[in-house]
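Work through the exercises below with the structure open. Each task is followed by a solution in steps.

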Amino acid sequence: MDSSSMLQRMTLQQKASLLAGASHWDTVRVDEVGLESIALSDGPHGLRHQLGAADHLGINQSVPSTCFPSASALACSFDPNLVLSVGAAIADEAVDQGVSVVLGPGVNIKRSPLCGRNFEYFSEDPLLSGELGAAMVRGIQSRGVAACLKHFACNNQELARLVSDSVVDERTLREIYLQPFERVVKKARPWSIMTAYNKLNGTYCSQNAWLLQTVLREEWGFDGAVISDWGAVSGVAESIAAGLDLCMPGPRPDYAPTALAAVRRGVLEERCVDRAAGHVIDLVERTRPSRRPRASSSSATTAGDPAADESVYKRNARLAARAARESAVLLENSGILPLDPTKTVAVIGAFAREPRFQGAGSSKINPRELDCALDEFKRRGISVSFSPGYDAYSGEASDVQVEQAVEAARTHDVAVVFAGLPDRFESEGFDRKLMVMPRGHCSLIERVCRENPNTVVVLQGGAPMEAPWRRMPAAIMAMYLSGCHGGSATVDLLYGDANPCGKLAETWPERLGDTALGASYPDFDREVLYREGIYVGYRYFDAVGARPAWPFGHGLSYTAFAYGRPKLAMPLPCGGSARPAAIRVEVDVENTGPVAGAEVVQLYVCPPCECAFHEPRRLAAFAKVRLGPGERSRVTLEFGEMELRYWDAARHAWRVDQGDYELLVGSSSRDIRGSCSLRLAADTAPFPVSADRSAPLADRSALAAYWRPGATRFDEESFKALYAGPLPARTPIAPFTIDSSVSEMASTPFGRLMVRVVEHVMDEPVKKMDEDTRRMMHEIVSDLPLRQLISSGFSMRTVHGLVDMLNGRYIRGFTRAVGTYRRIKKALREHTPALAAHFDRSGDSEE
């Protein structure tokens, strides 16, 4: 049944009830019209389906599933077909477990290496992020399961993410941060999209009509459901009017009554409720093919036919191992790799036995199976010894641990050191403060390398890390967070059973100070100014001429590839074909080495830079080619208007300038093997070009920092000129609102009392947590806005009463809130990562 006919049979009350979840993971069902409830689940790199106590922080247990490499790893494959297969595999498990919506992929841009959630995102480059995100969406939806593209938009730091305001100039917003979403929406048609927690240029994303209506639906043609991130809604009527369809999580007993009251008062049009309800109904109906008869609902394992299910998970395990092999990046190799299996090996580092294979937070998977490199060495019959070298949790190394490792390195032919970033260094909920590895890891590597020159370092972690020791090892392999079969994949690569073919999807700086933001990230102000503009990642390094440790697109192989001279092919016919007009560049690539391998051929465009400042080069196309020894292939790289355009902020429109473009073809952004030129003119281009020579950003003196990056700093005054309008007003601490955070309450006597209550309530669960969880909990609770209490059993009336008391209206506030210590404790327990694991959630009845 289509949504319009179903809506005609529903009351306004029933329609409004659809606009918020029935539970933490489920939508509302309406039996009177035959509308089912559907289940949503986290799952950017695997399914985190919870049947028991629910949370969105990765704390409570979930149904076992396959843990694939995280997006930061998978992106290094530069292989959309592989990403599509992973998406389809995750959807297969979703179907098996009764899940209709997978919350992923995330295509937010990696603005800084320090973002605590970078492991969930693909790249610093919008084209690569968009292409891989589109592949993931196509894979998920090929099984009748909805993908939920996230986090829309400009959620690029974890600090204060629920209340911060991302202030981004129009051009940067369009070219860098919205472009991945645009690519995915236009190329893959996701059935749902998730709004970010933060504000965008002064307005919360969940109630930003320009973002959700003008851009997403009218410009891009999105026809799916818009879902809030869990707890991201500030204003009910404002969000529905702006284009939010589904508020999560539930239950939200206040949501429908508030919407209905707004309709009665005339501040919310009834058609907005109809529109949102229609999109929710469409989502339920679109995902109907994914739902099948389930086994007993009391089972906490998987559903469906056990034999069929087992074959799905076995197949997915093999795919997870292949994805880990395809995503590994060989950063350095003096020739020691692949290893000789007759040599003795000192395996050093706790990560060899306790692998860092995934990130923390809402994407934390309960893996059905998990291997480790140490066991794989032994399975192969390699003569090995093992030294932990450091504490797996803290990363610190004692003198005894280091000496044992050094002794092992001294007495074996080869040393393989497993190191990187422990869990506590990166997670959803907080950002890294430094780009360093633990001191224990670094000192261990240095000592072992000095003792044994035949040392190989295997890095595990979700983001770049400073490696001042990088010239010391004979080889370095970056496995990132390689999933549940990263251990066996690592050993396959070390011994040449697989040939590394991954390429870095992000720049690895030598040091944090070399990046555009340096130590100024994360921004501790509520207003986060994107001062660097379009200069993100390799765009910044190229613009200022800085040398990274390893550039974007870098990755070595056990073979070698020779490139011919790139040639510009004729444009594709435009005509009435559904295929967009495009330009092709062809280049011959030959495997000149002794073994089969795969090469990622990259095409970069250098704009003419006549009418506006530009990055020196940008990725315009890529292709992965697999070749046997001595084999040659002609590689076609195709791109079009989308890769050549820039945003004309003065005219609020895209444009492609007439002129001469240089096209660079290479093995990385800094390893260019050949070039050709492209002249675009109005009578020859397969798409419209502009011959207008007037600069849309004419005041070059005010924008000197962007025309000549490095000559001047990206300071606030430069950014104001780039923003070209008044900046959003800074959010004052007082008067307090439902969006005020726990940390801001401490500026009043009553607020300090409330904070002490928070600290007291947290004492008990804190004692039972590991250090990672404690750190995440404190940062999350500190940034928690008061409105979050409504998803913990508080009514909105109670929340407004607390706000009244914070603003000094104690009598009015008390009569509205009637708050009790017990109720406060219950709410805080719902919002700390000990959540269901340590507390009884039955609590008080609804006020």
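The model is predicted.

**Exercise 1.** Describe how helix H4 and helix H5 pack, and sort the residues of their contact by class.

Solution.
- Step 1. Two packed helices are described by the angle between their axes and the distance between the axes.
- Step 2. Helix H4 covers residues 80-97 and helix H5 covers residues 126-141; the angle is about 35° and the axes lie 7 Å apart.
- Step 3. The crossing of H4 past H5 is right-handed.
- Step 4. On the H4 side the contact is made by Pro80, Val83, Leu84, Val86, Gly87, Ala88 and Ala91. Their partners in H5 are Leu132, Ala135, Met136, Arg138, Gly139 and Ile140.
- Step 5. Sorted by class, the residues of this contact are 10 nonpolar, two polar and one charged.

**Exercise 2.** Find how H6 and H7 are oriented to each other, and state which residues meet.

Solution.
- Step 1. Helix H6 (residues 170-177) and H7 have axes that come within 5 Å and cross at roughly 50°.
- Step 2. Angles under 35 degrees count as roughly parallel, and 65 to 115 as roughly perpendicular. H6 and H7 are therefore oblique to each other.
- Step 3. Arg174, Glu175, Ile176 and Tyr177 in H6 meet Gln179, Pro180 and Phe181 in H7.
- Step 4. The classes in this contact are four nonpolar, one polar and two charged residues.

**Exercise 3.** In what order do the five strands of the open sheet lie, and which are the edge strands?

Solution.
- Step 1. The order is E1-E2-E3-E5-E8, with parallel pairing.
- Step 2. Strand E1 (40-42) and strand E8 (225-228) are the edge strands, since each pairs on one side only.
- Step 3. From one strand to the next, the twist averages 30°.
- Step 4. E1 is joined to strand E2 (residues 101-103) by three bridges. In this pair, Asp42 stands opposite Leu103 in E2.
- Step 5. Helix H7 (residues 179-188) lies across strand E3 (146-152) and strand E5 (192-195). H7 runs at about 160° to E3.

**Exercise 4.** Is strand E20 largely enclosed or largely open, and in which sense does E20 pair with strand E19?

Solution.
- Step 1. A residue is buried if its relative accessible area is under 20%.
- Step 2. Eight of the 10 residues of strand E20 (residues 618-627) are buried, so E20 is largely enclosed by the rest of the structure.
- Step 3. Strand E19 (residues 597-606) pairs with E20 in the antiparallel sense, over nine bridges.
- Step 4. Val605 stands opposite Arg618 in E20.

How values were computed
Residues numbered from 1 in each chain as written. Predicted model: local features only at pLDDT ≥ 70, side-chain atom pairs only at ≥ 80, totals over all residues. Heavy atoms only, no water. Axes fitted to C-alpha atoms, helices over the stretch in contact; angles between N-to-C directions. Helix = DSSP H or I, 4+ residues; strand = E, 2+ residues; numbered from the N terminus. Left-handed = near helix turned anticlockwise from the far one by under 90°. Contact = heavy atoms within 4.5 Å. Nonpolar A, V, L, I, M, F, W, Y, C, P; charged D, E, K, R; others polar. Buried < 20%, exposed > 50% of the residue type's maximum accessible area, 1.4 Å probe, protein only. Pairing = 2+ DSSP bridges. Parallel < 35°, antiparallel > 145°, perpendicular 65-115°, else oblique.
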